[in-house]
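Student: I have a model open and would like to go through the terms used for it. Could you set each one against its definition with me?
Tutor: Gladly; here it is.

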Amino acid sequence: MIMLTKLNDVKIVLNCDQIESVELIPESKVVMMNGKFFIVKESAEEIIQKTIEYNEKIHSFHTDR
């Protein structure tokens, strides 16, 4: 899950595994797999970076037992 900011400054949390595409219009239009979309302030690069960071967190294994 990644946190993004809508144009009215409302924070939203999206399941980044459900993002189909990001269109630049010039804002970022995040299109979900179900066809819904969100216009957000973050750039495509920021959305990609947040997705990478999220995936690193959930796919890392901790050996502290």
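Student: What makes M1, M3 and V13 a nonpolar patch on the surface?
Tutor: First, a word on the source: this is a predicted model, so local features need pLDDT of at least 70 and side-chain atom pairs count only at pLDDT 80 or more, while totals for chains, interfaces and linings use all residues. Residues are numbered from 1 along each chain as its sequence is written, and side-chain values use heavy atoms, with hydrogens and water left out. Patch members must have over 30% relative accessible area and no salt bridge; like charges are joined within 9 Å, and nonpolar side chains (Val, Leu, Ile, Met, Phe, Trp, Tyr) within 5 Å. M1, M3 and V13 form such a nonpolar patch, with about 280 Å² of accessible area together. That area comes from the Shrake-Rupley method with a 1.4 Å probe, and for residues only the protein chains shown count as cover.

Student: Why is M3 called partly exposed?
Tutor: Buried means under 20% relative accessible area, exposed over 50%, and partly exposed in between (1.4 Å probe, protein chains only). M3 has 45%, so it is partly exposed. M3 belongs to strand β1, residues 2-5.

Student: And what makes L24 exposed?
Tutor: Its relative accessibility is 57%, so L24 counts as exposed. L24 is part of strand β3.

Student: Which peptide bond is cis?
Tutor: The bond joining I25 and P26, where omega is about 0 degrees. P26 sits in the loop between β3 and β4. D9 has a feature to note too: its phi is near 70 degrees, a positive value in a residue other than glycine. Most residues other than glycine have a negative phi, and most peptide bonds are trans.

Student: What makes the contact of K41 and D9 a salt bridge?
Tutor: The rule asks for a side-chain nitrogen of Lys or Arg within 4 Å of a carboxyl oxygen of Asp or Glu. In the pair K41 and D9, the N to O distance is 2.2 Å, which meets the rule. K41 lies in the loop between β5 (37-40) and α1 (44-59) and D9 in the loop between β1 and β2, so the pair ties together parts 32 residues apart in sequence. D9 counts as exposed at 51% relative accessibility, and K41 as partly exposed at 45%. The count by this rule comes to one salt bridge.

Student: Where does the charged end of K29 sit?
Tutor: Over the ring of F37, 4.3 Å from its centre. A charge sits over a ring if NZ of Lys or CZ of Arg is within 6 Å of the ring centre and within 35 degrees of the ring normal.

Technical notes: Helices (H or I, at least four residues) and strands (E, at least two) are DSSP runs, numbered from the N terminus.
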